Amino acid sequence: MRATKRIAEATQESLHRIFTIAEAPDSTLGRLEQEMSQNLVGFLNNHIVASKNALTDIEQDFVNPHIPEQPEFVSDHMHHLLDKLVAQSVHTSSPSFIGHMTSALPSFILPLSKLMVGLNQNLVKVETSKAFTPLERQVLGMMHNLVYQQDDDFYKSWMHSAQHSLGSFCSGGTVANITALWVARNKLLQADGDFRGVAREGLHRAMKHYGYQDLVILVSERGHYSLKKSADILGIGQENVIAIATDKYNKIDCQKLAEKCRQLSAQNIKVLAIVGVAGTTETGNIDPLDKMAEIAQQTQCHFHVDAAWGGATLLSNKYRPLLKGIEQADSVTIDAHKQMYVPMGAGLVIFKDPASVSAIEHHAEYILRKGSKDLGSHTLEGSRPGMAMLVYASLHIISRPGYEMLINQAIEKAEYFAELINQHDDFELITRPELCLLTYRYAPKPVQALLARNDDDANKSLNLLLGKLTKFIQKRQREDGRSFVSRTRIEVSRYGGEKVIVFRVVLANPLTTKEILQDILEQQCQLAQESENFLPELLKMAE
Ligand SMILES: Cc1ncc(COP(=O)(O)O)c(C=O)c1O
């Protein structure tokens, strides 16, 4: 009994301490904090490696389902985290980590994040965010302006209007896409006569009222899987996301798209939305957005552009024309946590028409009252952090020309890497970079010569083996931990649309040098030699 009382008192005391007393500068946490704020990049270099430990081994450190009954000293817990978590994390900001869209962060992000976390504002309502609400509205305005380039009067009218919003800030591209299609669905199946709208009566009654046979979303076969999640959640069904074939440049085939629209219309199947992709996840290509906008207009459907990854290209005056037509979209998704160098948790969807969000507006008695400026009345998420502050700060600190420099250099680096691959005898470039993303594979010169004969059967066997070799090299390289490229499987038109396993690289990290890229190819050549089965077999076939 006395022991229980002692534990309770100690718990009470330490609880009070962690809310009131900062950790001493010479404690583990204090030292860690200092080191991180003085030199973020150095800290990560010193402390984080791509661990060689298997995930199943790491899992053994995280198997206890019991919530501790005794408090722990912060310093002790920090040691535990450094050992079990930090040391086993992935060094996503490493210049040789070029496999994914997650890249290095500017040094000012860490102290600003601390400020954001410390203030702990909740953007769902003005009462818990005050200045953060107008700030977020300004960020949405800046991004709206980046896409739609309206005049200043437009932004003066709508940016801070209680009944309107230029977009929705959210946690990422997935939620942004869901929000865009949610608006599209509710606008299409809006209240009409006795029918009170899909939002209130549901999809079944909406379909009956409007007399549609079905509802579909059209996107290229390179569309991101979040669109299927959206269709699932919105009651449209994953199978009603119809994939339209792409051309040899991985862009949607507009003839096929228009044909499909005509076909569907003849079957009384309503196209809810046509989705253009501005920077596909796997190849980085951009759909012909202007032509798609025209088809969407003819089809009288919502035109959404998923520019989660490529949207930041609009910050570059040089490459902005690649996204021609985006300004005709009804909605646009952009992830600030991809090419805008903001940490994870910063996505947004922008609406051309500031009144669009009224289609998804929700009110409650104690907050989000009608006429309030609460942002939560038209966001999918409820409580949200003040991430918009990091976008706001980045736009000010880096500025548009700064972003232009980052974007242009990334694209030019990808072009350099493509050239390096092309000039190398033993590599085959699979998709050319349009933005800073490309795919390629290891294919020794004699194998490439054999592939060039275009013998379908022989190429099938070669591609199968080359796929196994690519997988082998990619896994070994990841395990080795010095560098990382990702891999994917894509249809390649020069092989009759056959699905081929390829390396995929994203060159967004400004610290990735040409030397690092040369080293990565060199490493891959060496790793290929370690393959005991695939490489010898391939070379034998090519003899
Ligand atoms: C084109 C595209 N759309 C949507 C998403 C989803 O974004 P998030 O992972 O931020 O939810 C991604 C992510 O890679 C993407 O590349």
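The dialogue below takes up the chain as a whole and then its helix contacts.

Tutor: Please note that this is a predicted model, in which local features need pLDDT of at least 70, side-chain atom pairs count only at pLDDT 80 or more, and totals for chains, interfaces and linings use all residues. Residues are numbered from 1 along each chain as its sequence is written, and side-chain values use heavy atoms, with hydrogens and water left out.

Student: How many helices and strands does the chain have?

Tutor: The chain has 19 helices and 11 strands. These are DSSP runs numbered from the N terminus: H or I of at least four residues for helices, E of at least two for strands.

Student: Why is the chain called as compact as a globular protein of that length?

Tutor: The radius of gyration is 26 Å, close to the 24 Å that the globule rule gives for 543 residues, so the chain is as compact as a globular protein of that length. The radius is taken over C-alpha atoms, and the rule is 2.2 Å times the number of residues to the power 0.38. Along its principal axes the C-alpha trace spans about 80 × 70 × 50 Å.

Student: What domains is the chain divided into?

Tutor: There are domain 1 (2-91), domain 2 (121-384) and domain 3 (407-541), with bounds from an automatic or database domain assignment. The C-alpha centres of domain 1 and domain 2 are 40 Å apart.

Student: What makes α9 and α12 oblique to each other?

Tutor: Helix α9 (residues 173-188) and helix α12 (residues 226-233) pack at about 45°, their axes 9 Å apart. Axes are lines fitted to C-alpha atoms, for helices over the stretch in contact, and angles run from 0 to 180 degrees between N-to-C directions. Angles under 35 degrees count as roughly parallel, over 145 as roughly antiparallel, 65 to 115 as roughly perpendicular and the rest as oblique. α9 and α12 are therefore oblique to each other.

Student: Which residues of α9 and α12 meet?

Tutor: T174, N177, I178 and L181 in α9 meet S226, L227, K229, S230 and I233 in α12, where contact means heavy atoms within 4.5 Å. By class, this contact has four nonpolar, four polar and one charged residues. Ala, Val, Leu, Ile, Met, Phe, Trp, Tyr, Cys and Pro count as nonpolar, Asp, Glu, Lys and Arg as charged, and the others, Gly among them, as polar.

Student: What is the crossing of α7 and α15 called?

Tutor: α7 passes α15 in a left-handed crossing. A crossing is left-handed if the near helix is turned anticlockwise from the far one by less than a right angle, and right-handed if clockwise. Helix α7 (residues 132-148) and α15 pack at about 55°, with axes 9 Å apart, and are therefore oblique to each other.

Student: How do the residues of the contact of α6 with α15 divide by class?

Tutor: I109, L112, S113, L115 and M116 in α6 meet M389, L390, A393, S394 and I397 in α15. These residues divide into eight nonpolar, two polar and no charged. The crossing of α6 and α15 is right-handed.
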